[in-house]
Amino acid sequence: MAAFAFGMSRFEFREEIFERRPQLWRSGFTGPSLGWSLIDRALDLQDPTRELLKVLRRGRIEPDQYVEQFVDIGVRRRRILKPKLYALLAEGATLVLNRIELVSPEIRELCMQVGRFVGAQTSCNAYATIGDLAATNVHWDTHDVFVVQAAGRKHWRVYEPTHLLPISSQISNDRKDEVPTEPFLDEVLEKGDVLYVPRGWWHRVEPTLTSDTIHFTIAVHTPLILDFLVWASATKLPELLEVRHSLLGGELDRTRVAEAAAAIASALNDETLLAAFYSRSRERERGGTGFEIARVMTGENPLARETILSINSRHAGPDQSSYMVNGIEIALSGPHRHILDILSTDIDSSLGDLAAQLPYLTWSQLHEIARDLIRADLIFVAGAGDLEPAAMVSADNELV
């Protein structure tokens, strides 16, 4: 199961670090090994499109050098030519798997945990290198990132921003002459280290000479004030008479524009409008959890004491009147609600932990309620645990 040790709350991170400065957590990731075997499994499932798969060696290598298209029993498909990919990796190329969380349950858990910590949607790209060639030049990103060093070592130099908080259209390629000479942070990341880099901070990333290296870059996708203004302008401003006047090029235009600006400021400063934007953003969020038919439909693999459960939302907090998960708002009561309240606070809890906190429930009741919540996609199994046989339930329906 993915496990981060940030040593601070979401509130502390937002108030002290987010969008302000980089932060390095030595040994900040204590989860399972995320090495080349995970990359192998992802490659088996990844559709090698130009958008999802890249190979870099002093620039991008065109996909036709290592991907072929063919017809497989009437279906047009793509496949990676393994000998050519292996040869490129042996020559020092870097393999990049964009949106790897779409094909890797382990990386989905990383994204969910970082998303819960920040309170935002996340995605992930993987960078895997055998050799010492740098995959990218110095640049900035237009979104905040959490870097998880999964294998080997990598040298990071991070420089202060010369253009604060860039948006997606404000890229760094044409501004390389602005890179500061002295880095703000100059560190070699070891396996298990986690580095937060705010958007707009220049960074130069290079492998070391000692070993192959894998890192995962978890991108944080937060709605911006600009997004709110664009949405609110389309939603609210057409109702204002002041913005519906014509502009004819006369002196009256200046007065009317000033009146419109005042009306717009008043309209956009409405707290109910901001609340509606938050609600819209959360309605659009979707979780990417796995299926659990064997656990919750057939009973083939019953939930065990060690089974780790997590709430399927990046925004959930305790004492909410309802929960918004995958676009559906659900109000619960009784033990169903109690379980979600616990998971909203603790993020991850084993079924045994829940049983200890809800002693009024028998094991059979708790097991069935957990299955209900999984079937409703409100919670998910975050760690497989050691599956116990069905005989773990005693005759009086208590834990044994």
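Predicted model: local features only at pLDDT ≥ 70, side-chain atom pairs only at ≥ 80, totals over all residues.
**Figure 1. Helix H5 passes helix H7 in a right-handed crossing.** Two packed helices are described by the angle between their axes and the distance between the axes. Here, H5 (residues 225-236) and H7 (residues 271-283) pack at an angle of about 110 degrees, and their axes are 11 Å apart. Because angles of 65 to 115 degrees count as roughly perpendicular, H5 is roughly perpendicular to H7. On the H5 side, look for Asp227, Phe228, Trp231, Ala232 and Lys236, which make the contact with Leu273, Leu274, Ala276, Phe277 and Arg280 of H7.

**Figure 2. The largest nonpolar core brings together 46 residues.** In soluble globular proteins, nonpolar side chains tend to be buried together. Within this core, Ile39, Leu95, Ile100, Phe146 and Phe216 have the most contacts. Helix H4 (residues 105-118) gives the most to the core, with 6 residues. Let's stop at Ile100: leaving aside neighbours within four places in sequence, Ile100 is in contact with Leu38, Ile39, Ala42, Ile107, Cys124, Asn125, Ala126 and Phe216. Another core, of 24 residues, lies apart from this one and includes Leu303, Leu309, Tyr323 and Leu366.

**Figure 3. Asn326 sits in the loop between strands E14 and E15.** You can find this loop between E14 (323-325) and E15 (328-330). Is Asn326 buried or exposed? Asn326 has a relative accessible area of 18%, so it is buried, since buried means under 20%. The side chain of Asn326 makes a polar contact with the side chain of Asp377, at 2.7 Å. Not counting residues up to four places away in sequence, Asn326 touches Glu285, Arg286, Gly287, Asn312 and Asp377.

Technical notes:
Residues numbered from 1 in each chain as written. Heavy atoms only, no water. Helix = DSSP H or I, 4+ residues; strand = E, 2+ residues; numbered from the N terminus. Buried < 20%, exposed > 50% of the residue type's maximum accessible area, 1.4 Å probe, protein only. Polar contact = N/O pair within 3.5 Å; in protein donor to acceptor, adjacent residues only side chain to side chain. Contact = heavy atoms within 4.5 Å. Core = buried A, V, L, I, M, F, W, Y, C linked by side-chain atoms within 4.5 Å. Axes fitted to C-alpha atoms, helices over the stretch in contact; angles between N-to-C directions. Parallel < 35°, antiparallel > 145°, perpendicular 65-115°, else oblique. Left-handed = near helix turned anticlockwise from the far one by under 90°.
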